[in-house]
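Subject: Model for you to look over

Hi,

Here is the model we talked about. Please open it alongside these notes.

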Amino acid sequence: MTKIKSLFISLLLILGVSTAIAGSHGSTHDLVKERGKLMCGSNTGLAGFGAPNDAGVWEGIDVDVCRAVAAAVFGDASKVEYVPTTSKVRFTVLQSGEIDMLSRNTTWTLSRDVDLGLEFVGVNYYDGQGFMVSKDLGVSSAMELDGASVCIQVGTTTEMNLADFFKANGMSYESVPVETNSEADAAYTAGRCDVYTTDASGLYASRAGYPDPSAHVVLPEIVSKEPLGPAVRHGDSEWADIVRWSLNAMIIGEELGITSGNVDEMKSSNNPEVLRLLGVDAGYGAMLGLSDDWAYNILSQVGNYSESFEKHIGPNTPINIQRGLNALYKDGGILYAPPFR
Amino acid sequence: MESYFVRKLIFDEKSRSLLIQTLVIGLFALFIYLIAQQTAYNLEKRGISSGFDFLNISAGYDISIRLIPFTSEDTHLRAYFVGLLNTLMIAVCGCFLATIMGFLVGVIRLSSNWLFRNIAYVYVEFTRNVPVLLQIILYYSILLHLPKIKQAIEIFDGFFLTNRGFFTPSPIFKEGFSIVLCSFIVAIIVSIFIKRILKKKQEQTGKQYPIFYINSALIILTPILFYYIMGRPLEFDTPVLKGFNFKGGMVIRPEFLGMLFGLSIYTAAFISETVRSGIIAVSKGQREASQALGLKNNLVMRLIVIPQALRVIIPPLTSQYLNLTKNSSLGIAIGYADLVHGFGGISLNQTGRAIEIMLMVMLTYLTISLTISLFMNIYNKSVQFKGNA
């Protein structure tokens with residue numbers, strides 16, 4: 001009898017525990033504060049966007065978004081733990097609550113936003129899919145790629161754009177699916193494929209790492225819209241607001257000419273929007289559940305969008321990307337943040 | 001009456017164990033049900049859609065390695081079948097190659113030649129002690145360093161070796177080829193009858209007939225004869241380098257070859273050990289007795305040793321086949337478009353239906369494995385002792 005009893009009790013216990021584990025989460029903001037650090041999903045390594053440097057410190061413009069959020073929440077941009085995610089697992093990792101936000105060159109699409117239970121909170125890089133080929137091939141346009149072998153990262157929007165592009169132009173191709181960016185580089189440089197296609201930003205980043213970057217050319221055709229931006233779980237608007245406005249603060253910072261260098265001087269500016277942003281005029285931080293100097297912390301520790309761009313991927317870096325679409329709306333680009341008021 | 005029933009349930013050993021077993025099964029079923037319920041609830045709460053509707057939407061991606069036609073407009077369900085066929089293809093080819101290599105190496109390890117024996121020993125110890133994933137990546141990397149497409153090596157006329165695969169001419173069957181094929185099948189059926197008749201004769205008269213040579217000649221020569229009668233209804237489409245790639249012909253991709261080499265070389269090492277143990281398990285007396293009867297060495301092996309060794313070999317061989325089939329899911333590491341890589345990877349990512357897709361993939365592997373087990377068990381029964389022995 002005792003045997004049966006203990007068996008029964010242990011089974012009940014298992015049941016109880018499993019239901020408890022499956023139970024609901026609290027607000028992400030509280031969870032992050034309690035934990036004392038932000039769990040941020042990053043790329044496994046994409047130079048300029050999210051990759052560890054020689055000292056093992058993560059950097060890049062995607063990483064800067066994580067740092068901005070940490071600066072806003074904790075007042076300390078370094079309180080981030082980076083979780084490298086492949087393109088395949090990134091959404092599952094976010095959905096399951098293992099990370100608080102995903103900032104990893106991820107394209108905002110309808111189905112991801114709606115169907116996967118995610119919420120994209122903005123765009124930190126306007127990208128488009130491009131093609132890179134070796135200069136030896138003498139190809140000057142993507143329309144000349146009929147019959148080519150194409151290396152492609154699986155589980156990306158790129159894969160579908162590729163299929164559409166070749167179909168629409170009546171061309172054939174052989175797809176060579178690879179799992180990560182570095183595998184794609186290996187297959188492409190070994191000549192397994194003629195063409196490497198991914199977001200143009202990724203192509204520039206890859207090319208910078210090749211032994212002879214000038215032997216490869218990114219073709220002029222951009223075949224898709226790839227607005228890359230940070231995402232959070234659906235259903236926690238308070239947290240989504242914090243991430244959204246952390247990114248916006250960086251963009252507004254550039255618009256208002258506030259840099260990490262002059263942020264202290266700007267506190268005595270007579271522009272009311274600057275004063276609201278930097279928390280001199282109090283009250284805006286509280287709306288987000290943050291301290292009033294949250295945006296000040298972002299701009300002093302991470303810098304504005306332009307600083308982040310120039311430092312990691314701009315023309316003076318090996319990646320060498322022009323601002324192009326990613327310039328502010330008033331400089332000919334489409335980068336635009338809602339007003340801070 | 002009622003109390004008797006209850007007392008019986010508690011104090012009668014048989015009824016009591018039945019009661020406990022029923023309870024445990026019931027609780028287990030409840031447990032599974034609650035987990036499923038909770039998962040569905042959590043998915044819904046997080047706004048993640050679920051269900052199997054996605055199978056009918058178009059997949060939107062292309063698969064290069066495929067046995068049936070597939071375009072980006074085909075459905076995810078078709079992508080599933082493309083992946084399934086690729087998995088089966090690598091499993092069948094891998095098991096076939098591994099078996100041949102395993103038997104050869106197993107026999108060589110028992111050879112009296114010191115050099116051969118030790119080469120086989122080193123091979124077995126090296127391959128079975130290095131993770132199969134690393135071996136697959138190694139072979140694939142070697143294949144990637146074959147000549148680039150523009151410097152393709154032409155091995156024979158129309159056969160090209162490059163780092164994009166092995167390009168060969170493909171056959172084009174013209175009218176009348178089906179008759180050649182029929183003649184081939186008929187020749188095989190006839191040869192089976194000839195074998196039976198001649199065996200019977202041999203049993204009656206003791207005279208041996210060259211069955212193997214007669215039947216080989218029959219099976220090979222008949223289709224050739226019909227091939228010429230029908231006016232050579234077979235042509236070849238030779239691959240030609242045009243633009244970026246070879247056009248025409250057939251191609252075996254390096255991803256497939258990498259998987260094939262990795263899986264079969266690895267599994268062959270285990271099979272060779274199984275074979276070796278099977279042969280050793282046949283008692284020395286059997287061999288000596290047959291030699292005393294004057295049987296030649298190859299006949300001793302074929303008629304006496306191997307049939308008895310098979311009884312020991314088959315059960316562990318089955319589990320090696322199962323291992324190879326399951327290991328084929330490592331294709332994801334080098335981009336071989338098997339079930340896990342294509343459907344379980346790309347479709348999963350495009351649709352986000354992780355639970356549904358993983359369940360489908362797991363059930364598929366389960367079905368494949370159980371089918372292999374079933375057939376191997378049937379075969380195992382056929383080689384076991386028959387009669388009262």
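Below are the findings, chain by chain and contact by contact.

This is a predicted model: local features need pLDDT of at least 70, side-chain atom pairs count only at pLDDT 80 or more, and totals for chains, interfaces and linings use all residues. Residues are numbered from 1 along each chain as its sequence is written, while chains are lettered from A and ligands numbered from 1 in the order in which they are written.

Confidence in chain A

The mean pLDDT of chain A is 88, and 92% of the residues score at least 70. pLDDT is the predictor's confidence in each residue, from 0 to 100. Residues 7–24 of chain A have pLDDT below 50, and beyond near neighbours in sequence this stretch has nine contacts in the model. Where pLDDT is low, the predicted coordinates should not be read in detail. Two residues are in contact if their C-beta atoms, placed from the backbone, lie within 7 Å.

Chain A overall

Chain A has 14 helices and 14 strands. Helices (H or I, at least four residues) and strands (E, at least two) are DSSP runs, numbered from the N terminus. Along the principal axes, the C-alpha atoms of chain A fill a box of roughly 75 × 70 × 40 Å. Of the 341 residues in chain A, 49% are buried. A residue is buried if 20 or more other C-beta atoms lie within 10 Å of its own, exposed if 12 or fewer, and partly exposed in between, with C-beta atoms placed from the backbone. Take the contacts in chain A between residues at least 6 apart in sequence: 74% of them join residues at least 24 apart.

Helix packing around H9(A)

H9(A) spans residues 237–255 and packs against H14(A), residues 305–312, at about 95°, with the axes 6 Å apart. Axes are lines fitted to C-alpha atoms, for helices over the stretch in contact, and angles run from 0 to 180 degrees between N-to-C directions. That angle makes H9(A) roughly perpendicular to H14(A). The cut-offs are under 35 degrees for roughly parallel, over 145 for roughly antiparallel, 65 to 115 for roughly perpendicular, and oblique for the rest. Met250(A), Ile251(A), Gly253(A) and Glu254(A) of H9(A) meet Tyr305(A), Ser306(A) and Ser308(A) of H14(A). By class, this contact has three nonpolar, three polar and one charged residues. Ala, Val, Leu, Ile, Met, Phe, Trp, Tyr, Cys and Pro count as nonpolar, Asp, Glu, Lys and Arg as charged, and the others, Gly among them, as polar.

H3(A), residues 61–74, also packs with H9(A), at about 110° and with axes 9 Å apart. H3(A) and H9(A) are therefore roughly perpendicular to each other. The residues in contact include Val65(A) and Ala68(A) of H3(A), and Ile242(A) and Met250(A) of H9(A). The classes here are ten nonpolar, one polar and no charged residues.

One exposed helix residue

Pro272(A) lies in H11(A), residues 272–277. Pro272(A) is exposed because it has 12 other C-beta atoms within 10 Å.

The contact between chains

Chain B gives 34 residues to the contact and chain A gives 38. On the side of chain B, H2(B) (13–45) and H11(B) (342–351) are the elements that give two or more residues. H2(B) gives the most, with seven residues. That side of chain B has 14 nonpolar, 15 polar and five charged residues.

Best wishes
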